[in-house]
Amino acid sequence: MEERKLLHGFLAESQKGLPPRRMKDSYIEVLLPLGSQPELREKYLTVQNTVRFGRILEDLDSLGVLICYMHTKIHSAKMSPLSIVTALVDKIDMCKKSLSPEQDIKFSGHVCWVGKTSMEVKIQMFQLHGNEFCPVLDATFVMVARDSENKGPAFVNPLVLESPEEEELFRQGELNKGRRVAFSSTSLLKMAPNAEERTTIHEMFLSTLDPKTISFQSRVLPPNSVWMENSKLKSLEICHPQERNIFNRIFGGFLMRKAYELGWATACNFGGSRPFVVAVDDIMFQKPVEVGSLLFLSSQVCFTQENYIQVRVHSEVASLQDKEHMTTNVFHFTFMSEKEVPLVFPRTYGESMLYLDGQRHFNSMSVPVTLNKEYLVEP
């Protein structure tokens, strides 16, 4: 960090002082040689002989940061004066392709939108099938630039658009930003549910009343249903220095992998079969995790529909000194089970809000996926 203090002189005082960059300037392709390096394969292997999606999340996060450093590169500096951190995983949508641990994987991506201090990155992942790389997933990350000591915001290079396709990508980035603002402003932590959602919750409540008693207190579960409170799993991680980044904070990809693996276990335990990830949605990095922290992860099923299981994982940390718990992340994962799963029913008002929040995230999924026997993406 002492060395990074010396980089302050390279920081721009305004965005106008930075040279514009093209999308192709940050474009990068990275090969994950699972097919040709068996020793690497072990790190990515599941017991079902598929690829661990948690490892892929780590790779996507690292690649997103690298792409942003390509966009903001200063050729006269030995190292970047910027600290690039992941602000948000906007969306990761899976395609209907299996992930084999014996075929090479290719990642490609570039910066597609910039604000003054933030960048949106599109990443695609492909896997070799025969002689061609077939698409596996699309990911959208939002990264922010901070100063060399990661203490305050820093300006990033503006983006020059060179084709109608690039203009469309940039316009989509603007729409994504607007959608995130709108989604945040209507959050159930800020506003009451709408009329349709209130009706949904009231009808669910009425369906759990015991017909034998005329009482709001006596509740019974409808057939093939589970109380939300009985779908929880929890875990604890000690944040060791091995998982730190260059700023002496815990690597965001590690946090995503741990949250995903707990979410997958929750969906597996709930559905009674090995689930497959369909989408990752709206992971907000609210607070950095310090080395040495205790990381508490709490996961629960908050919405189900047919074969789909919507899982919410809440992450909080406590230092060993003050023991005060602080929320760092909330993760949203959509899984699919091989068979139809039970309905979840909220018992309290707080659980009802979690249910509606889960329903909103589920409905925001780009394209509902049809279950395919080849569709094998596990933790």
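Student: What is the handedness of the crossing of H6 and H8?

Tutor: The crossing of H6 and H8 is right-handed, a term used if the near helix is turned clockwise from the far one by less than a right angle, anticlockwise being left-handed. This is a predicted model, in which local features need pLDDT of at least 70 and side-chain atom pairs count only at pLDDT 80 or more, while totals for chains, interfaces and linings use all residues. Residues are numbered from 1 along each chain as its sequence is written, and side-chain values use heavy atoms, with hydrogens and water left out.

Student: Why is H6 called oblique to H8?

Tutor: The axes of helix H6 (residues 195-207) and helix H8 (residues 349-363) come within 11 Å and cross at roughly 125 degrees. Angles under 35 degrees count as roughly parallel, over 145 as roughly antiparallel, 65 to 115 as roughly perpendicular and the rest as oblique, and H6 is therefore oblique to H8.

Student: Which residues make the contact of H6 with H8?

Tutor: With contact meaning heavy atoms within 4.5 Å, H6 contributes Glu197, Thr200, Ile201 and Met204, and H8 contributes Ser352, Tyr355, Leu356 and Arg360.

Student: What makes strand E10 largely enclosed by the rest of the structure?

Tutor: Because 8 of the 10 residues of strand E10 (residues 276-285) are buried, E10 is largely enclosed; buried means under 20% relative accessible area, computed with a 1.4 Å probe on protein chains only.

Student: How do you know that E10 pairs with E13?

Tutor: Pairing requires that DSSP finds at least two bridges between two strands, and 7 bridges join E10 to the antiparallel strand E13 (residues 325-336).

Terms used: Axes fitted to C-alpha atoms, helices over the stretch in contact; angles between N-to-C directions. Helix = DSSP H or I, 4+ residues; strand = E, 2+ residues; numbered from the N terminus. Buried < 20%, exposed > 50% of the residue type's maximum accessible area, 1.4 Å probe, protein only.
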